[in-house]
Amino acid sequence: IGAANNLLAAMIDNHIQQGNELGIDPRRIIWRRAVDMNDRQLRNIIDGLGSKADGTPRQDGFDITVASEVMAILCLSKDISDLKERLSRIVIGYTYDNTPVRAADLKAQGAMAALLKDAIKPNLVQTLEGTPAFIHGGPFANIAHGCNSVTATRLALKLGDYAITEAGFGADLGAEKFLDIKCRMAGLRPDAVVIVATVRALKHHGGALKEDLNKEDLTALEKGLPNLLQHVDNITNVYKLPCVVAINAFPTDTEAEIRLVKEKCEEAGVHVALSEV
């Protein structure tokens with residue numbers, strides 16, 4: 001991902017260095033470089049300094065690799081041809097007369113796809129219990145769709161009796177982007193949704209302080225439960241999908257707290273399962 005991202009960045013600057021036939025405005029380049037490290041010192045930089053042969057000085061910057069548009073494109077592509085087509089449509093900046101410039105204008109998509117020919121293949125791993133799993137792709141949910149690759153999900157559906165995928169963080173941001181973006185683009189429709197919750201988080205939503213989360217607090221828990229129930233409502237009434245709430249149990253959870261969560265969820269017509277892994 002990082003190599004493909006930075007290849008495009010290098011081709012942009014080389015095009016400007018070699019005469020800038022497309023008329024790219026160096027002040028309006030929006031494509032940034034990528035580094036697989038959260039280094040805030042590199043977010044905004046000036047590069048191209050030195051002699052005439054060292055490039056054109058301009059304001060630039062680095063994003064962490066998973067924030068690259070290439071990551072989001074890889075995860076939404078169904079095959080290598082689709083990947084090349086999506087890469088070609090990347091807008092890298094604008095000309096002096098305000099015309100968008102795309103990766104295709106630089107003829108960059110073929111070389112970028114060649115660098116990604118192995119990255120597009122899902123990685124097969126296993127859980128501690130020996131269950132096969134695909135770990136493939138990770139676009140940020142706050143700037144992209146926050147889901148693993150379409151390729152991995154389709155492969156899991158083909159090879160297994162059923163497939164479970166983590167659809168981002170939270171039933172508000174993650175699930176909505178999974179259902180509105182990934183599922184629509186890939187032609188997928190989930191059969192069921194699991195909403196994972198913890199008693200500790202619900203108490204924190206209800207006003208309990210972090211240092212008090214190990215103590216039983218039914219008042220804070222009841223105040224925090226509307227957060228969970230809103231997520232349930234979004235899944236069942238907005239998306240019309242069946243769902244189950246999985247309580248990720250902690251040793252400090254009390255029977256009374258777990259009972260309260262179950263009661264409120266059952267009142268909403270949702271089954272609750274206790275996960276004690």
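Predicted model: local features only at pLDDT ≥ 70, side-chain atom pairs only at ≥ 80, totals over all residues.

Modeller: Residues are numbered from 1 along each chain as its sequence is written, and side-chain values use heavy atoms, with hydrogens and water left out.

Biologist: How many salt bridges does the structure hold?

Modeller: A salt bridge is a side-chain nitrogen of Lys or Arg within 4 Å of a carboxyl oxygen of Asp or Glu. By that criterion, the number of salt bridges in the structure is 15.

Biologist: Which helix holds the lysine that meets glutamate 257 in a salt bridge?

Modeller: Glutamate 257 and lysine 203 meet through their side chains at 3.0 Å, N to O. The pair links distant parts of the chain, 54 residues apart. Helices are DSSP runs (H or I, at least four residues), numbered from the N terminus. Glutamate 257 lies in helix H9 (residues 255-267), and lysine 203 in helix H7 (residues 199-205).

Biologist: Why does arginine 89 count as partly exposed?

Modeller: Buried means under 20% relative accessible area, exposed over 50%, and partly exposed in between (1.4 Å probe, protein chains only). Arginine 89 counts as partly exposed because its relative accessibility is 42%.

Biologist: Which side chain of opposite charge is nearest to lysine 177?

Modeller: Lysine 177 belongs to helix H6 (residues 170-186). Lysine 177 is buried yet has no salt bridge. Lys and Arg count as positive and Asp and Glu as negative, while His and the chain ends are not counted. At 9.4 Å, the nearest side chain of opposite charge is glutamate 176.

Technical notes:
Helix = DSSP H or I, 4+ residues; strand = E, 2+ residues; numbered from the N terminus.
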